[in-house]
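This explanation goes through the structure by way of its packing.

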Amino acid sequence: MRVYRDLNTESPAGSAVALGMFDGVHLGHRRVIEAAAAHREEWAVTVLTFVARRERPDKKLFQKDIFTPEERVRRLSLLPVDMVYMPDFEEIRKLSAQEFVHQVLGEILHAKVICCGEDYRFGNHAAGNVELLKRLAKDICAKVQVVSPYLDCGEPVSSTRIRRYLSDGNIVSANRLLGTPYTIEGTVVYGKQIGRTLGYPTINQELDLYICLPKFGVYISSVLLDGEEYPSITNIGVKPTIAGERQPLAETHIIGVDQNLYGRRLTVKLHQFIRGEERFEDLEQLSDSIHHDIEKARHFFKRETN
């Protein structure tokens, strides 16, 4: 799969284009991509999305993506996709609806089939809708396929629902809509090694503040390490028991593993929320709580394998 971070490279051939933000590559997003992939024998399957750091005038984010651009690319690479165009939003923000279709879809992507969801908007100030897209697509000799939403419990799968589930700590429902477990991928950095002094060594990964973080607390998780998946527990938050810790981190204890993993880039999957983040009176209480969390994780994975 080829990935282009700007719009300076023309598609080498005609393409079946999937349009959308795809910030979670969830089941609804996959339906749009699968519609484009149905034309793979004839055209290159191309995903057109963008990277946006969406801020209000006061510089506070009003909407956060589910995953980082890197994680989106990783998830897209697991699907039948040939090319991904992921320019910065500023590169296309001021294009009119007509310019977007003619210049981007026509001249750069050579679109022959265009797939999108029912609520897809495009062009400056999101002025274009699917009806306008259908009309403009005729100018570039492309056909538009509007994909119906993927329903879960009678409601469309959407990034908004997933963000709400993540904020509530409902990781089970978030994972169901994503189609695969929510993941944290990042380089293991040095911490204060408090866990090691308690007998529970951990890996620490810094969190991207531009994404929608799950509710702070402890999760049953698993870690991909050298091709194997190990059970673990992960605390997401600011470690209120430890003085001075305020930068949100993912702190994971890999059950039965004690290796020097500093500098390694690892993937952590979240499976189930155990409890909210707590401030303990002393490290002994913290140690007891970690022990109980580990036992819950052991029981979870034992149940999953039976």
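In this predicted model, isoleucine 114 touches Val17, Leu19, Leu105, Leu133, Ala137, Ile140, Ala142, Lys143, Val144 and Gln145, leaving aside residues up to four places away in sequence.

Ile114 also belongs to the largest nonpolar core, which has 31 residues. Along with Leu19, Leu48, Phe100 and Leu105, Ile114 is listed among the residues with the most contacts inside that core. Six elements can be followed through this core, each giving two or more residues: the strands β2 (15-19), β3 (44-48), β4 (83-85) and β5 (111-117), and the helices α3 (97-108) and α4 (130-137). Helix α3 supplies the largest share, 6 residues.

Next comes a helix pair. Helix α5 covers residues 159-168 and helix α6 residues 171-178; the two pack with their axes 8 Å apart, at an angle of about 155°. Because angles over 145 degrees count as roughly antiparallel, α5 is roughly antiparallel to α6. Their crossing is left-handed.

Which residues in α5 and α6 meet? From α5 come Arg161, Ile162, Tyr165 and Leu166, and from α6 come Ile171, Ser173, Ala174, Arg176, Leu177 and Leu178. By class, the residues of this contact comprise 7 nonpolar, 1 polar and 2 charged.

Methods. Residues are numbered from 1 along each chain as its sequence is written. This is a predicted model: local features need pLDDT of at least 70, side-chain atom pairs count only at pLDDT 80 or more; totals for chains, interfaces and linings use all residues. Side-chain values use heavy atoms; hydrogens and water are left out. Axes are lines fitted to C-alpha atoms, for helices over the stretch in contact, and angles run from 0 to 180 degrees between N-to-C directions. Helices (H or I, at least four residues) and strands (E, at least two) are DSSP runs, numbered from the N terminus. Angles under 35 degrees count as roughly parallel, over 145 as roughly antiparallel, 65 to 115 as roughly perpendicular and the rest as oblique. A crossing is left-handed if the near helix is turned anticlockwise from the far one by less than a right angle, and right-handed if clockwise. Contact means heavy atoms within 4.5 Å. Ala, Val, Leu, Ile, Met, Phe, Trp, Tyr, Cys and Pro count as nonpolar, Asp, Glu, Lys and Arg as charged, and the others, Gly among them, as polar. A nonpolar core is a set of buried Ala, Val, Leu, Ile, Met, Phe, Trp, Tyr and Cys residues joined through side-chain atoms within 4.5 Å. Buried means under 20% relative accessible area, exposed over 50%, partly exposed in between (1.4 Å probe, protein chains only).
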